[in-house]
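Subject: Structure handover and findings

Hi,

My notes on what turned up follow below.

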Amino acid sequence: MKEKVVIGMSGGVDSSVAAYLLKEQGYDVVGITMEVIPRNLEFEEREGGCCSLSAVNDATRVAAKLDIPYYVLNFKDVFESKVINYFIDEYLAGKTPNPCIACNKYIKFDEFLKRAKVLGAKYIATGHYAIIEKDNKTGRYLLKRSKDEKKDQTYVLYNMTQYQLAHTLMPLGGYTKDKVREIAREIGLPVANKKDSEEICFVPDNDYARFIKERRPEEIKPGYFVDVNGNKLGKHKGIIHYTIGQRKGLGLSLGKPVYVIDIIPEKNLVVVGDEKDIFKDTLYAEDVNFIPFEKLEGEMKVTAKIRYSAKEADATIMPYKNGVLVKFETPQRAITKGQSVVFYDGDIVVGGGIIK
Amino acid sequence: MEKRFVYMDHAATTYTKPEVLEAMMPYFTEQFGNASSIYTFGRRSKAAIEEAREKVAKALNALPDEIYFTGGGSEADNWAIKGVAFANRDKGNHIITTKIEHHAVLHTCEYLEKQGFEVTYLDVDEYGMINLEDLKKAITDKTILITIMFANNEIGTIQPIAEIGKIARERGIYFHTDAVQAVGNVNIDVKEMNIDLLSLAAHKFYGPKGVGALYIRKGVKIDNLIHGGGQERKRRAGTENLPGIVGLGKAIELATSNIEEHNRKIKSMRDRLLNGIMEKIPYTKLNGHPEKRLPGNINVSFQFIEGESLLLLLDHYGICASTGSACSSGSLDPSHVLMAIGLPHEIAHGSLRLSLGDLNKEEDVDYVLEVLPQIVQRLRDMSPLYESFIKEGGK
């Protein structure tokens with residue numbers, strides 16, 4: 001009997017082509033769109049938005065074209081508690097969260113995998129650009145960079161466990177985006193030219209500050225900008241509006257450019273300083289996950305990336321307290337609490353954690 | 001066991017009966033004339049519409065002039081509620097409805113609240129029945145409309161429509177009922193039941209989709225909803241859906257000509273299925289009223305499981321069912337109806353609606369009774385809730 005794979009379909013090019021490739025490879029493919037946007041948040045449809053009702057319509061058309069069963073399942077409650085509330089709480093705590101990492105950890109590779117198992121699937125699949133490979137020497141599953149380095153999405157996948165990796169297929173890992181679009185056109189997928197979605201899927205028009213304000217108006221309080229010595233320099237609109245390294249939109253006129261260098265949520269303060277103050281060579285991360293091995297036992301040389309769009313930099317990681325200490329060879333700009341640091345050894349994802 | 005295709009979602013929609021389709025066919029290709037045209041070819045189309053109107057009137061004990069064709073049940077609900085509300089604003093701004101209405105009614109009422117109307121949403125008891133005393137108490141001198149569904153689409157509960165009608169008529173308040181689920185399943189007499197407005201949709205009684213009707217008692221003050229040409233005696237603009245209307249007429253004639261016989265057959269299959277489910281699957285609860293319910297409706301909650309997965313697995317076995325109304329985007333929120341009858345969130349999530357109808361045979365019942373207990377058990381075996389329940393000794 002064919003092995004059953006449940007693929008998460010967003011209606012976009014990537015997951016559509018992934019579904020097609022799996023079907024070509026002989027799997028029994030079932031498409032599912034996870035509905036995650038709370039009812040009261042359904043907003044103006046945007047092109048490229050990944051969870052909207054138009055996404056459902058697109059995915060329906062693609063599934064019909066591929067002749068695979070297709071369903072829409074409700075993940076709203078768990079998404080609300082594990083992603084949206086986390087996102088808001090982090091900002092209110094002066095951090096800058098990455099909701100996609102939370103979604104992958106708690107929704108796609110946890111709840112979704114569980115639901116797929118209930119439906120009798122052996123695997124789930126996604127349209128991520130990454131490669132999952134079994135290391136026959138150690139018997140462990142590895143996560144590796146995709147062939148298309150520009151599209152590589154391993155950064156948001158570092159939390160995957162061995163169980164999750166063993167039960168996940170990522171058929172696009174060996175393709176470039178251009179090739180994927182070409183396949184979409186060849187097989188006449190209706191979504192071949194759809195724009196990539198790069199926004200926060202649950203925040204209308206990407207204005208996250210307004211989104212938080214609407215949900216927790218009483219928790220956003222104006223406060224003060226201070227310098228490193230604690231001198232008040234002006235008023236800020238609430239700490240959720242700021243992130244480390246930010247220069248624009250501060251509303252300060254001090255005769256020289258200043259940058260956000262720290263946020264102190266307990267005192268509702270935003271610390272500003274010179275550009276040199278936002279360069280640091282050490283960080284500490286918790287909620288750490290490692291992939292090629294269970295536990296980091298000693299020092300290890302890696303390349304590390306402190307945000308999705310950051311360049312990787314040479315660093316040494318070592319166990320420290322409940323997490324890991326990362327020492328960069330050159331100082332990094334704007335190391336930001338709440339973002340994830342992800343470690344690589346060549347093309348292999350070593351692991352990562354959340355910057356404290 | 002051989003896989004079957006079993007359609008048990010007649011409350012979502014029904015197939016169009018061959019006799020109905022046959023009656024409609026000439027009006028697509030041969031007799032396609034515009035019913036508003038002067039010439040004979042157009043007049044013939046007009047005659048067909050009037051014949052259908054007569055059939056609908058007969059089915060409800062209304063006058064033909066009290067029947068207006070619409071683009072379906074939702075349009076009829078919207079028209080009745082908005083039309084009465086806006087036309088009677090000088091008398092008052094209060095509307096009474098229930099918490100278990102179809103969204104075509106609920107969302108229309110919510111819209112009217114934004115327009116300055118006040119709406120009372122009556123509670124229902126554990127069976128989904130309204131309390132007539134609550135209704136009486138809710139009435140104020142500003143009340144202009146009571147809108148309460150005839151029979152609920154999810155749990156099948158049939159409301160005391162004649163009693164509601166009496167209360168409304170005595171007080172000079174308009175009474176609208178959404179009878180979309182009731183037509184063909186319950187005898188309806190708008191005169192005897194004191195109904196002022198009634199919505200129906202053809203595709204729920206073996207007619208085509210996209211056509212419905214609103215009964216408006218003569219003398220009811222109501223604004224138009226769809227403005228334009230002078231069709232439907234200047235009340236509902238738009239070139240008539242000629243084949244659809246003909247189909248609706250034929251379908252309502254068939255559906256109401258033999259309600260007792262039809263109900264006896266459906267109800268006997270329904271009861272066998274329901275009894276079998278209750279017997280074979282422990283920790284199961286019937287939702288809705290044990291007797292005062294639609295003949296084909298089963299709505300049950302299986303503890304410890306989650307309805308979406310249940311539906312998908314049933315689909316895998318070729319069984320079409322639903323957990324609630326089919327009118328959302330295809331994904332499921334906990335049903336407002338099940339919440340209103342007081343089910344806890346997690347039990348409401350594990351609910352299943354099977355609605356039987358003319359497409360079903362006794363073999364379908366056998367098949368579902370074979371498949372469903374296995375699926376429920378499989379889901380329970382994977383459910384952490386069930387695991388801890390069993391560990392605690394099944395208490």
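First, a term: a polar contact is a pair of N or O atoms within 3.5 Å; within protein, one must be able to donate a hydrogen and the other to accept it, and residues adjacent in sequence count only if both atoms are side-chain atoms.

Ground rules next. This is a predicted model: local features need pLDDT of at least 70, side-chain atom pairs count only at pLDDT 80 or more, and totals for chains, interfaces and linings use all residues. Residues are numbered from 1 along each chain as its sequence is written, chains are lettered from A and ligands numbered from 1 in the order in which they are written, and side-chain values use heavy atoms, with hydrogens and water left out.

**Domains of chain B**

Chain B splits into domain 1 (18-257) and domain 2 (259-392); the bounds come from an automatic or database domain assignment. The C-alpha centres of these two domains of chain B are 29 Å apart. In contact terms (heavy atoms within 4.5 Å), 30 residues of domain 1 of chain B meet 26 residues of domain 2 of chain B.

The size of an interface is often given as the accessible area lost when the parts come together. Buried area here is the accessible area (1.4 Å probe) that two parts lose on being put together, summed over both. Between domain 1 and domain 2 of chain B, that is about 2,300 Å², with carbon and sulfur atoms giving 57%. Three residues stand out: B:Glu154, B:Ile155 and B:Asn185 supply 30% of the area that domain 1 of chain B buries against domain 2 of chain B, more than any other three residues.

(A salt bridge is a side-chain nitrogen of Lys or Arg within 4 Å of a carboxyl oxygen of Asp or Glu.) Polar contacts do cross the interface of domain 1 and domain 2 of chain B: 13 residue pairs, both residues at pLDDT 80 or more.

On the side of domain 1 of chain B that touches domain 2 of chain B, helix H5 (103-114) and helix H9 (242-257) of chain B each supply at least two residues. H9(B) gives the largest share of that side, three residues.

**B:Asn297**

B:Asn297 sits in strand E10 (residues 297-302) of chain B. Buried means under 20% relative accessible area, exposed over 50%, partly exposed in between (1.4 Å probe, protein chains only). B:Asn297 has 4% relative accessibility, so it counts as buried. Its side chain reaches the backbone oxygen of B:Glu154 at 3.1 Å. The side chains of B:Asn297 and B:Arg293 are joined by a polar contact of 2.4 Å. Leaving out residues up to four places away in sequence, B:Asn297 touches several residues, including B:Asn153, B:Ile155, B:Arg270 and B:Arg353.

**Helix H11 of chain B**

Helix H11 (residues 307-316) of chain B is mostly covered, with eight of its 10 residues buried. Among them are B:Glu308, B:Ser309 and B:Leu310. B:Glu306 caps the N-terminal end of H11(B), with a side-chain oxygen 3.2 Å from the backbone nitrogen of B:Glu308. After H11(B) comes B:Gly318, whose phi is positive, near 85°.

**Salt bridges**

Over all chains, the structure holds 49 salt bridges. Here are some examples.

- A:Arg145 and A:Asp347 pair at 3.1 Å, N to O. The two are 202 residues apart: A:Arg145 is in strand E6 (residues 141-145) of chain A, and A:Asp347 is in the loop between strands E16 (340-345) and E17 (348-355) of chain A. A:Arg145 is buried at 14% relative accessible area; A:Asp347 is partly exposed at 43%.
- B:Arg4 and B:Asp364 have their closest N and O atoms 2.8 Å apart. B:Arg4 lies before strand E1 (6-7) of chain B and B:Asp364 in helix H14 (residues 362-381) of chain B, so the pair ties together parts 360 residues apart in sequence. B:Arg4 is partly exposed at 29%, while B:Asp364 is buried at 3%.
- B:Glu261 and B:Arg264 meet at 2.4 Å, N to O. They are three residues apart in helix H10 (residues 259-280) of chain B, about one helical turn.
- A:Lys256, A:Asp274, A:Lys276 and A:Asp277 form a network of salt bridges.

Best wishes

Technical notes:
Helices (H or I, at least four residues) and strands (E, at least two) are DSSP runs, numbered from the N terminus.
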